[in-house]
Amino acid sequence: MPPELQALLILTRQRFPQLENVACEMEAIVKGGSDRHFYRITWAEGTHPPMVLMVYTLARRDNPKFVPATRRLKELGVHVPEIFAFDENRLCVWLQDLGRDDLHAHAGDPWERRRPLYEATLQEAAKIHSVSEKNLSTKDQAGLEPPFDEALYLWEQEYFLDHFVRGHLKHNPSDAEFDPAMEELRKLRKKLARLPRCLVHRDFQSQNVLIRDDSAWLVDYQGLRLGLAEYDLASLLFDPYVEITRTQRNELLAYYAEIRGISLPALKETFHLCAAQRLMQALGAYANLSRNLGKARFKQHIPAAVKNLSLVCEEAGSLAAISPLFTAE
């Protein structure tokens, strides 16, 4: 066993003295673009349920929010992992192992199999989105990440412009030819910022949904904050990691509107606006991760994200002016 794993296993046995002499297997989990590290620990049968050790840093302000976010979501009845132990000083959390099967792993399954899994996922989202801003006290809001407001939407747009438009495409958004697109971005962030907010996951994509017994369990929700439910829906239904057809997407939007008891036309209008915003953020992330942070594998997701953003601009005609920013040769 590598020295790093040996040290973490010693720490784990100190935290769980009853497992001091119990045989186990330990492996690193390599997944996603996070600065956190995850390790799966499987104990000899019958001694303790398998667990995942999360080791985080303070490099990101949302990393320490994982434990309080877990507790908040459990109060709402959302399917999230149990916390077996938490060492705040060593920045370690021992969690229930929810398994290896995530929603992304079913990308190639027939729609008849995938649809119930997406519906189960939307049921968990609805629990989160049921908490409106007016139902959260000032104290509760203070424990969340900063809410989506015009400044945060602007940050996401600038992230897209800096890393994807300038860095990846080598274009200058300040050129006059992009003036209509920049004006459309301004209108988009102002319109989104005026809409009523609720609790949102923030990174609600297929790799952050684990499947157990056909139920959906959520992870990677430390970015929990106030925002728009449609932003989460856009993250899931325009996920560049998987293929979802327009018909399938409309079926799932109709299902979500039904379980929430809300207007489908109004939902779809805001959904497309949020999808444009989310996909621009994703393109900025893929470009930054691949170009600047040494994670070249994220470059492969750029074409799918561009394709999805093109579809969004097509379906929401008001966003057509944005297209030159990501399609210019």
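# A first look at the buried loops and packed helices

Welcome! Arg-202 is buried, with a relative accessible area of 14%. This residue sits in the loop between strand 6 and strand 7, and its phi is near 95°, a positive value in a residue other than glycine. Please keep in mind that the model is predicted. The points below start with the loops, go on to a strand and the cysteines, and finish with the helices.

**Loop residues**

- Gln-207 belongs, like Arg-202, to the loop between strand 6 (198-200) and strand 7 (209-212).
- Gln-207 counts as buried because its relative accessibility is 18%, and the cut-off for buried is under 20%.
- Leaving aside residues up to four places away in sequence, Gln-207 touches Lys-31, Asp-102, His-104, Val-219 and Tyr-241.
- Is Asp-213 buried or exposed? Asp-213 is exposed, with a relative accessible area of 76%.

**A residue in strand 4**

- Ala-85 is found in strand 4, which covers residues 83-87.
- With a relative accessibility of 10%, Ala-85 counts as buried.
- Ala-85 and Arg-15 are 70 residues apart in sequence, yet their C-alpha atoms are 7.6 Å apart in space.
- Arg-15 is also one of the residues that Ala-85 touches; the others, not counting residues up to four places away in sequence, are Phe-16, Cys-92, Val-93 and Trp-94.

**Cysteines**

- How many disulfides does a search of the whole structure find? The search finds zero.
- Cys-92, which is among the contacts of Ala-85, is in no disulfide, and the nearest cysteine sulfur, that of Cys-24, is 15 Å away.
- Cys-92 counts as buried, at 2% relative accessibility.

- The buried residues of helix 7 are Ala-229, Glu-230, Tyr-231, Asp-232, Leu-233, Ala-234, Ser-235, Leu-236 and Leu-237.
- These buried residues pack against helix 3 (111-129), helix 5 (150-168), strand 6, strand 9 (225-227), helix 8 (246-260) and helix 9.
- The axes of helix 7 and helix 8 come within 11 Å and cross at roughly 150°, and the crossing is right-handed.
- On the helix 7 side, the contact is made by Ala-229, Leu-233 and Leu-237, while helix 8 brings Arg-249, Leu-252, Leu-253, Tyr-256 and Arg-260.
- By class, this contact of helix 7 with helix 8 has six nonpolar, no polar and two charged residues.

**Helix 9 and its two partners**

- Helix 9 (residues 264-291) meets helix 6 (residues 179-194), with axes that come within 11 Å and cross at roughly 120°.
- Helix 6 and helix 9 are therefore oblique to each other, and their crossing is left-handed.
- Leu-185, Leu-188, Lys-191 and Leu-192 of helix 6 meet Glu-269, Leu-273, Cys-274, Ala-276, Gln-277 and Met-280 of helix 9.
- Sorted by class, the contact of helix 6 with helix 9 has seven nonpolar, one polar and two charged residues.
- Helix 9 also meets helix 10 (residues 302-315), where the axes come within 9 Å and cross at roughly 160°.
- That angle makes helix 9 roughly antiparallel to helix 10, and the crossing is left-handed.
- From helix 9, this contact uses His-272, Ala-275, Ala-276, Leu-279, Met-280, Leu-283, Tyr-286 and Ala-287; from helix 10, it uses Ile-302, Ala-305, Val-306, Asn-308, Leu-309, Val-312 and Glu-315.
- By class, the contact of helix 9 with helix 10 has twelve nonpolar, two polar and one charged residues.
- Ala-276 and Met-280 of helix 9 take part in the contact with helix 6 and also in the contact with helix 10.

Key
Residues are numbered from 1 along each chain as its sequence is written. This is a predicted model: local features need pLDDT of at least 70, side-chain atom pairs count only at pLDDT 80 or more; totals for chains, interfaces and linings use all residues. Side-chain values use heavy atoms; hydrogens and water are left out. A disulfide is a pair of cysteine sulfur atoms within 2.5 Å. Buried means under 20% relative accessible area, exposed over 50%, partly exposed in between (1.4 Å probe, protein chains only). Axes are lines fitted to C-alpha atoms, for helices over the stretch in contact, and angles run from 0 to 180 degrees between N-to-C directions. Helices (H or I, at least four residues) and strands (E, at least two) are DSSP runs, numbered from the N terminus. Angles under 35 degrees count as roughly parallel, over 145 as roughly antiparallel, 65 to 115 as roughly perpendicular and the rest as oblique. A crossing is left-handed if the near helix is turned anticlockwise from the far one by less than a right angle, and right-handed if clockwise. Contact means heavy atoms within 4.5 Å. Ala, Val, Leu, Ile, Met, Phe, Trp, Tyr, Cys and Pro count as nonpolar, Asp, Glu, Lys and Arg as charged, and the others, Gly among them, as polar.
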